[in-house]
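Have a look at the structure first, then read on.

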Amino acid sequence: MYIEKQGKSFRNHKISLDKEFSSDIDYLEDYYKKFMKFPLFSQVLLETRTDCNRKCVFCPQFHFERPIKIMKWNVFKKVIDELEELNFGGRIALFMTNEPLLEERLLKMISYARNKSPRFFLDITTNGKLLTLEFLDKLLKSGVDNININDYRSDRINRPDGISKNLIEIFQIFKNNPKISFNKRYSKEVLSNYAGIIKEKNNQLINEFCNFPFRKLAISADGNIILCCNDYNYSTDFGNIIDKKIDNIWFSQDLNNFRINLLKGIRAGLCKNCNQIQNYNVFV
């Protein structure tokens, strides 16, 4: 195995890293040395469809046109069924770089997943343009655990506390409900460069550690497992869940090659031009 060939620790090859990364790196190295594989994902991101009803300048949806794709039901069902078989108890996000409320089967999808396993943490993030009080009630009744509402406004700087008209009543009723989070966002924010495809944001971070490929399973609308939710143009493909078991793809050497590089402080392939900043210490 790789550890045996390369030495006792990936740390021999790494550059100096911030202390915030240390716990993740130590955990991952120790886990790999003990089990000869990396941990199972803690989050699943499902791109149920590819489109969005907003064009925010920080998002690839503003910069690129791509065909609308909708996840087939048999793909969605197989993902949920296999996650239940794996005794998965983490987060399932029913969106990626898209607006989940455009999905006409969203309530059916949430209900299916909830009935399959009470252990799933079912999560959506929406821009709220299509959200109504009645539909929010239906989402909660279907079994969703968290609804993150990003209220994007172009006047956020001048009106920092402004709330879009259709969200005012929702905010007033649910402001104390922990299942609903309400974020006052600016439609011209500067976020990540999505693995370098948004060129004006191409502020490359050289040799930064990234934990996304260690904890997030990203599944495209076609059912392909890709490296990361930032792979908007599907430049990576590690296998389709219709043809292979999810865990077999997750533990594959092709995916491990990216992970090993990251532990060595090397960003290669898709990761090379990405400036995504991670959350720290997710395994501890």
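How do the residues of the lining of the second largest cavity divide into nonpolar, polar and charged? There are 5 nonpolar, 1 polar and 3 charged residues in that lining. Keep in mind that this is a predicted model.

## The second largest cavity

This space has a volume of about 40 Å³. Its lining is made up of Glu47, Arg66, Met96, Thr97, Ile226, Cys229, Asp231, Tyr232 and Tyr234.

## The largest cavity

Why talk about cavities at all? Rolling a probe the size of a water molecule over the atoms shows where empty space is left. In this model, 3 cavities come out at 30 Å³ or more, and the largest of them has a volume of about 100 Å³. It is lined by 14 residues, and the ones closest to its centre are Cys210, Cys228, Arg267, Cys271 and Cys274.

If you were hoping for disulfides, the count is 0. Take Cys271: it isn't in a disulfide, and the nearest cysteine sulfur, in Cys210, sits 6.1 Å away. Cys271 has 10% relative accessibility, so it counts as buried.

Now over to strand S3, which covers residues 121–126. S3 is mostly covered, with 5 of its 6 residues buried.

S3 pairs with strand S2 (residues 91–93) through 3 bridges, and the two run parallel. One of the bridge pairs to look for is Arg91 with Phe121 in S3. S3 also pairs with strand S4 (residues 146–153), again in the parallel sense, this time over 4 bridges. Here you can pick out Thr126, whose bridge partner in S4 is Ile149.

## Helices between the strands

Helix H5 (residues 106–116) forms a right-handed β-α-β unit together with S2 and S3. Helix H6 (residues 133–142) does likewise with S3 and S4, making a right-handed β-α-β unit.

Notes
Residues numbered from 1 in each chain as written. Predicted model: local features only at pLDDT ≥ 70, side-chain atom pairs only at ≥ 80, totals over all residues. Heavy atoms only, no water. Buried < 20%, exposed > 50% of the residue type's maximum accessible area, 1.4 Å probe, protein only. Pairing = 2+ DSSP bridges. Right-handed = clockwise from strand over helix to strand, strands pointing away. 1 Å grid on protein atoms, 1.4 Å probe; cavity = no way out; pocket = protein on both sides within 12 Å on 5 of 7 lines; lining within 4 Å. Points joined across faces, edges and corners; volume = space filled by probe spheres on them. Nonpolar A, V, L, I, M, F, W, Y, C, P; charged D, E, K, R; others polar. Disulfide = S-S within 2.5 Å.
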